[in-house]
Amino acid sequence: MTIGVCYFPEHWPRERWETDAAEMADAGIEYVRLAEFSWAVCEPERGAFDFDWLDEAIDVLAAEGLSVVLCTPTATPPKWLVDERPEILQADPDGTPRAFGSRRHYCFNSPAYREETRRIVEAMASHFSDTEAVVGWQTDNEFGCHETVRCYCDDCADAFSEWLRDRYDSVDDLNEAWGTTFWSQRYPSFEAVDPPRPTPAEHHPSHLLEYARFSTESVVDYNRLHADLLREHDDEWFVAHNFMGDFETLDAHAVSDDLDLVTWDSYPTGFVQDRRAGTPSMDELRAGDPDQVGLNHDLYRGTNDAPFWVMEQQPGDVNWPPDCPQPGAGAMRLWAHHATAHGADAVLYFRWRRCREGQEQYHAGLRKQDGAPDRGYTDATAAATELAALDGGDRPHVDAPVALLHDYDDWWAISAQPHATAFDYWEHLRTYYRALRERGVQVDVVHPDTDLSGYDAVVAPTLHLADDDRAAGLGAFVDAGGHLLLGARSGAKDPYNKLPDELPPGPFAELVGLRVDQHESFPAEFDRQVRVESDALGSGGDDEDTREWHVWGEWLDLHGADAVATHTDGLAGGVPAVARNAVGDGTATYCGVWPDAELAAELVDDLLGRAGVATTDRLPRGVRVNRRGELTWVSNFTSTGYRVVTADEPSVAVGDARLGAFDACAVRTPIEAIEVVPERRASE
C-alpha cells in the first residue's frame, strides 16, 4: 500500500530532474508514471526514434530507488502522423473529422492507426525490455475520454457490418431480433447497416444498443493489441489501463479481461459537479462525495476481483470542472486512505508539478510551477509515511459480503429509451450503494454473470435486459440461502433491447413472485408515497410509516409474493409497490419504485439482517467505514469533527480516533464494534 506520482520530465529542464527525483523519494513516493503523451518527443519524425531522454529520466528516478510505470503514447498521435495519414482521425456522427489540436483524436477501428500503434508500441517495448526500473505499463490513456468511444467514420461503418455478420446467422435473424419492421427499417444486408448517424427522429433502440456494444468491443480489441505486444517482450511487466469515474460508454468489465492491473483516475471535487445530480454542498466541493468515489473504487476492484490502483489522484485544485475550489485541508491525504480502505494498493497523484503550458495550466500538482511544495505535497507525504508503516508485506484483499450488480448493457439500453427525464442509471445504482455504505458494509460492484455463491446478499438495482440464464443464476443464489434485492425496471427488455412477450420482470417473475401491471414516471421534483406494511420492515404499518419515492414507479400484481409497501396516492393507490418472496432457503425482494433515502435504507437494513451481515449503526452522511484485513478505516469527508468510539479505548493504527475535518484514521476493531459520533457528543 503505497504512494506514487505522474511525472513529465519532457516539460522541465534536464538539470531539474535530479532534484525532482530526490524530492519524490523524500516524500515517500515509490512509483512514477511516465510518457503517456510523449509520442511527438519519442518520434519527432517518422522512424527517427529518440528514447535517450527517457532512458536518462528513468535512470535518474531509479537512482533514487523509484520504480517506473511507462505508458504507450497512443492517446496523442503527433501532427506529422495526422498529416501523413488523415484517415486515422475519428468522425462525429455527422461525418465531420475530429481535428488535431488536443488528444484522443484517433479511431479505434482505423487499419492505418492499428498499424501505427503496432509500430510505436513495438519500438518502445523492445527498447525498454531490459530496463530493470520499468515494472509495468499503462495502455494508452483514459480510453473514451471526451466522448471518443463511439466513432462514426467509414472505417467504423465497415467494421460494424463485419461485427454484425459475426454476431448473427443472417441479416434476417438481425431483422427479427431487432424488430425492424417498425417504421420500415428492415435491412437487406449487413453492409446496409450504418452507424447511428443523424436522423430526423430517434434511432431504433436495438440499433443504438448494438452500436454501443460494438464500440466498446472495438476498444477491447485495440487494448488487447497493446497488451499482447507488451507481454511478448516481458511477461513480468504488469499491463494496466486507467479508467474514469462514472463513465458510461466503455465497458470496463470487458476491457479488464486483458489487464493484469485495473486502475482509475479519481477527482472527487470535480465529480460532484459534472457527473452527479443535485447541487454539491460546500463540504462536497472541498472533499467530494465518499459514495460517488467509493462506488468507483469498488467497481474497478470488482472488474477482476483483485486490488486496484488509483493511477491519477487529484492533488489540489483542477482545471476541468465548472468551478475549481481548493480541496479542504487534509483532503488529499484523506483520499489516499479512503482508496486504500476500498482495496487500492497504490495511489498516484496527478501530477508532480503544475504545468506551465498547454490546456492543463490550471491543474495543480504536488509542486507549484516554480518547484515549491504545494498543498497536496504535505498531504501526500503524510499518507506515504502512514501507509509505509502499515505495509509489512501483507496486502489483504477486501472481503465483501455483498455484491452490487452493474452492467453497462443495461445502462446503454435505458439511455436509448429512458422513458423518464430524470432516470439516470448511475444515480439509481448509487441510491442502493449509499444505503449499504451507511451501514459500513463492504461491497463488490460486479457484473451480473459473476459467480455469486460467495456472497451473503446481492443488490441488483436495475437488471433491465434479462434472459433465462441470468434469471436461473439469481434463482440458484436465492434457493441456496442467498438474499436478493431487485430494483425497478428489471426484466423489462430482452438482450436485444426489445419488449418480450411476457410482462416485466420477465424471466425474474417466478423468482420474485409478481408481475408489473403498469409503470409511470414523473419529473424529479415530484415525490410520491408508499406505506410500509405492518412489520414488513420491522415497523408498525400505521400512518407514520409512509415513505417517499420519485421518478419511476410500478404497480405490482402479486403471484405468491407478500406486499412490503403499498402505493398511497394517485391512480396506484392501494396497489403493491414493493414485495418479498420466499424461495428455498432465501428471499427475493422486488422494489418497483426508485426509493428515497429512507426507504432504501430500510430495504437494505432488512436485506442485511436476513443475510446476517455485520453492520455499524447508520453512519452520518459524509462519514464512511471500511474493513480491509485486520484494520477498519474511518473516513470523514465533512468539516465536522467526529470521534471513533469502541467499548475499550480504540487501538489506532493510523491517525487519531478524534477525526478532524477531512480526516481519516484506521483502528484494529471490527466495524460492528465501533460507533462514529460527533465530537461534541463524544465529549459529553
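User: How is relative accessible area read as buried, exposed or partly exposed?

Analyst: Buried means under 20% relative accessible area, exposed means over 50%, and partly exposed lies in between. This is a predicted model. Here E30 has 34% relative accessibility, so E30 counts as partly exposed.

User: Where is E30 found?

Analyst: E30 sits in the loop between α1 (17–26) and β2 (31–34). Set aside its neighbours within four places in sequence. E30 then contacts T2, I3, L66 and S67. A472 is 442 residues from E30 along the chain, and their C-alpha atoms are 47 Å apart.

User: What does the secondary structure come to, and how compact is the protein?

Analyst: The protein has 20 helices and 26 strands. Its radius of gyration is 26 Å, close to the 26 Å from the globule rule for 684 residues, so the protein is as compact as a globular protein of that length. The C-alpha trace spans about 75 × 75 × 40 Å along its principal axes.

User: How far apart are the mean positions of the positive and negative charges?

Analyst: The protein has 57 positive and 125 negative charges, and their mean positions are 4 Å apart.

Conventions. Residues are numbered from 1 along each chain as its sequence is written. This is a predicted model: local features need pLDDT of at least 70, side-chain atom pairs count only at pLDDT 80 or more; totals for chains, interfaces and linings use all residues. Side-chain values use heavy atoms; hydrogens and water are left out. Helices (H or I, at least four residues) and strands (E, at least two) are DSSP runs, numbered from the N terminus. The radius of gyration is taken over C-alpha atoms; the globule rule is 2.2 Å times the number of residues to the power 0.38. Lys and Arg count as positive and Asp and Glu as negative; His and the chain ends are not counted. The place of a charge is taken as NZ of Lys, CZ of Arg, CG of Asp or CD of Glu. Buried means under 20% relative accessible area, exposed over 50%, partly exposed in between (1.4 Å probe, protein chains only). Contact means heavy atoms within 4.5 Å.
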